[in-house]
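Work through the following exercises with the sequence and the coordinates open side by side.

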Amino acid sequence: MVVSVRSWVANEGGKHLVLMLWLGVNTWLFVKTFLLYSTGQQYHYLYKMLGLGLCISRASASVLNLNCSLVLLPMCRSLLTFVRGTHQVSSRKTRRLLDKSKTFHVACGVAICIFSVVHVSAHLVNVINFSVSYSDDFPALNLARYKGEDPKLIILTTIPGVTGVLLVLILFLMFTSSSYCVRVSNYEIFWYTHNLFIVFYIILMVHMVGGALKYQTNLEAHPPGCLRANQSSTEQQGEELEQREDEERRCREEAHFQPHYPQTWIWVSGPLCLYCAERFYRYIRSSDPVTIVTVVRHPCDVIELRMLKKNFKARPGQYIVLNCPGVSSFENHPFTLTACPTEKKQTFGIHLRVVGDWTARFTQLLLPGPRIDLEVLPMVQQRRYPKLYVDGPFGSPSEEVFNYDVSLCVAGGIGVTPFACVLNALLDGWTAFRLQRLYFVWVCRELQSFYWFAELLCALHHKLWKENRPDYFNLKLYVSQTDSLQSMSEEKYRPLTSRLLVGRPRWKLLLDEIGRTNKHKRVGVFCCGPKGISRTLHRLCNSARSSGTTFEFNKESFS
């Protein structure tokens, strides 16, 4: 498959540019710090004692400081949503880069883990050198209390050593629990261990307080390598043979050493304060519980939840984070809005699929089973819903659907939820948007899944037919599981029956057809579904086409 340079630049150019800048800054910082400690006069005696371990440990520490500050920024969801919503400030390219915030967070996290291994390994060598190369000439430079001290004892009796061990343990837990298999099988483990970052940053601030590494402060009075009062020139005969006699200098005073001023807080304090302020703002915003209006059970274990909250505003394509203390006070789960508040209707809604422990317990609280011991008739029972808190809304790639002339929305199963809100917005009025044509492809395993939004799809179809714009909305439904296949026989769903296909979409043919219909245009491709579909579409969006159409790929991803 031939890759189109224009399509590749549109889809990958900005991402790779940021990646190269990030790698460049990390490399420059590493090399600069390495050279400073290997050639700097103030580190002459320390380098002579520790060797390359000193340079590598400090260079990796500089990279760690940078990434420990950057890793927090992609998690400032409210700030990213504000930037995305300010169209005068951010262009579409910038907003598409913001969609990669989670990827950048992961990249910074991986860099932290890699350079932590380098940093720890170098410091293990340093601890051994502190013990073996104990200096009687410069006692203040030593970390060991005596020559040959056990390195393990040095680690466990110093602040940098103890805090370093704790940081490694926390980082190991956070890294291992972040793997895909853990997040899928037991999200609670990921959630709780990832929140150890608070402890991580507190310990990180203390890590440099011990002052294990020291630099010389009196370089003019004591140039490195000068002859001290108790030394004679014969002691350095091998070194002095090639030097002129007038270059011999005797030290005017003993070398003075001072621990480094802690720099980690300088790097981390800004992003950390920003993140804390953002979390405090989100806590205040989500402190009032929402009112649950209706709960509807749909086929295939899907629950529709309609809610009401004062002064809640959202745009189509955004998502919210739910917290239900009745299930877990500390767990928060993201769900895409399927209905936004409007001037006519103040309620907003989500559709959630019952998958996992949290959604199962939440569903039991929303729709408890009937109690046999009740004397009151079921029809007069007052349904009591659990207390529920909503944080958000937050921005997502699906917001950009309206900012293209032509958009293609591809959904897999419950991945239809971001686009349901888009369809609801079009149903309220499509003329207010830039969008001139929408292609909508929905792939499900079971036919019953289409009933989640069957009425919405039919209503939009009838509206556009009445307004003489049947070509505005191009709908294709695919059911992949053919076992006991039945048709949507209801009369009101006839528009969907004629657009229902059995099997899987042939994506290349579909994109080629869209390309021929929309020559030399930029088509926004939005995908929310299984990885197999998104990878195929991503690859096809970067391929060359004779029509000259550029497909800009956008993938839904929660932060």
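**Exercise 1.** Determine how many disulfides the structure holds, and examine the surroundings of Cys-273.

*Solution.* The model is a predicted one, and it holds 0 disulfides. Cys-273 is accordingly in no disulfide, the nearest cysteine sulfur being that of Cys-276, at 6.5 Å. This distance can be set against the cut-off, since a pair of cysteine sulfur atoms counts as a disulfide within 2.5 Å.

**Exercise 2.** Decide whether Cys-273 and Cys-409 are buried or exposed.

*Solution.* The cut-offs come first: buried means under 20% relative accessible area, and exposed means over 50%. Cys-273 has a relative accessibility of 53% and therefore counts as exposed. Cys-409, with a relative accessible area of 1%, is buried.

**Exercise 3.** Describe the second largest pocket by its volume and its lining.

*Solution.* The volume is about 760 Å³. Of the 35 lining residues, those closest to the centre of the pocket are His-119, His-123, Pro-160, Gly-164 and His-207. Sorted by class, the lining has 21 nonpolar, 13 polar and 1 charged residues. Helix H6 (101-132) supplies the largest share, 9 residues, while the helices that each supply at least two residues also include H3 (52-70) and H8 (159-177).

Technical notes. Residues numbered from 1 in each chain as written. Predicted model: local features only at pLDDT ≥ 70, side-chain atom pairs only at ≥ 80, totals over all residues. Heavy atoms only, no water. 1 Å grid on protein atoms, 1.4 Å probe; cavity = no way out; pocket = protein on both sides within 12 Å on 5 of 7 lines; lining within 4 Å. Points joined across faces, edges and corners; volume = space filled by probe spheres on them. Helix = DSSP H or I, 4+ residues; strand = E, 2+ residues; numbered from the N terminus. Nonpolar A, V, L, I, M, F, W, Y, C, P; charged D, E, K, R; others polar. Buried < 20%, exposed > 50% of the residue type's maximum accessible area, 1.4 Å probe, protein only.
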